[in-house]
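User: Please walk me through this model. I am seeing it for the first time.

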Amino acid sequence: MIKTYIRKIAIFPVLVYQYVISPLFPASCRYTPTCSQYMKEAILKHGPIKGGWMGFKRIGRCHPWGGHGHDPVL
């Protein structure tokens with residue numbers, strides 16, 4: 001039960017980004033799912049520490065000289 005609350009707290013900044021900040025800018029993510037959706041799924045599946053780390057690594061790869069395409073949370 002506490003793990004659920006911790007995951008919800010960890011996802012909250014991602015949701016703020018998705019609903020408040022992201023609509024102000026054009027879509028530019030090179031991957032599907034988007035980087036913010038990837039981080040949300042990773043936190044739900046692997047927890048806030050490992051999932052957060054996976055999300056930050058993904059954001060680091062999302063640049064013009066990085067990869068692209070389908071990259072699901074494993």
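The largest pocket

User: Which residues lie nearest the centre of the largest pocket?

Analyst: The largest pocket is lined by 15 residues. A pocket is an open set of points on a 1 Å grid over the protein atoms alone, where a 1.4 Å probe fits and protein lies on both sides within 12 Å along at least five of seven lines. Lining residues have an atom within 4 Å of a point. Nearest the centre are Y17, S22, C29, C35 and S36.

User: What kind of model is this, and from which number are residues counted along each chain?

Analyst: This is a predicted model: local features need pLDDT of at least 70, side-chain atom pairs count only at pLDDT 80 or more, and totals for chains, interfaces and linings use all residues. Side-chain values use heavy atoms, with hydrogens and water left out, and residues in each chain, as its sequence is written, are numbered from 1.

User: What is the volume of the largest pocket?

Analyst: Grid points are joined across faces, edges and corners. The volume is the space filled by probe spheres set on those points. For the largest pocket this gives about 390 Å³.

User: How many residues of its lining are nonpolar?

Analyst: Nonpolar means Ala, Val, Leu, Ile, Met, Phe, Trp, Tyr, Cys and Pro; Asp, Glu, Lys and Arg are charged; the others, Gly among them, are polar. The lining of the largest pocket has no charged residues and four polar ones. Its nonpolar count is 11.

Helices and a cis bond

User: How are α1 and α2 arranged, roughly parallel or roughly antiparallel?

Analyst: Helices are DSSP runs (H or I, at least four residues), and strands are runs of E, at least two, all numbered from the N terminus. The axes of α1 (2-21) and α2 (35-46) come within 10 Å and cross at roughly 170°; axes are lines fitted to C-alpha atoms, for helices over the stretch in contact, and angles run from 0 to 180 degrees between N-to-C directions. Angles over 145 degrees count as roughly antiparallel and those under 35 as roughly parallel. So α1 and α2 are roughly antiparallel.

User: How many charged residues are in the contact of α1 with α2?

Analyst: Contact means heavy atoms within 4.5 Å. Residues including R7 and Y17 in α1 meet residues including S36 and K40 in α2. The contact of α1 with α2 has eight nonpolar and four polar residues. Its charged residues number two.

User: Which residue does a cis peptide bond join to T32?

Analyst: Most peptide bonds are trans. Here omega is about -5°.

Single residues

User: Is L74 buried or exposed?

Analyst: L74 is found in the segment after β2 (69-70). Its contacts beyond four places in sequence are K45, H46 and M54. Buried means under 20% relative accessible area, exposed over 50% and partly exposed in between, using a 1.4 Å probe and protein chains only. At 72%, L74 is therefore exposed.

User: Which residues does E41 touch, not counting those up to four places away in sequence?

Analyst: E41 is in helix α2. With a relative accessible area of 31%, E41 is partly exposed. Its contacts are P33 and V73.

User: What separates the C-alpha atoms of G67 and Y31?

Analyst: G67 lies in the loop between α3 and β2. Beyond four places in sequence, G67 touches R30, Y31 and R61. G67 and Y31 are 36 residues apart along the chain. Their C-alpha atoms are separated by 7.9 Å.

Terms used. Angles under 35 degrees count as roughly parallel, over 145 as roughly antiparallel, 65 to 115 as roughly perpendicular and the rest as oblique.
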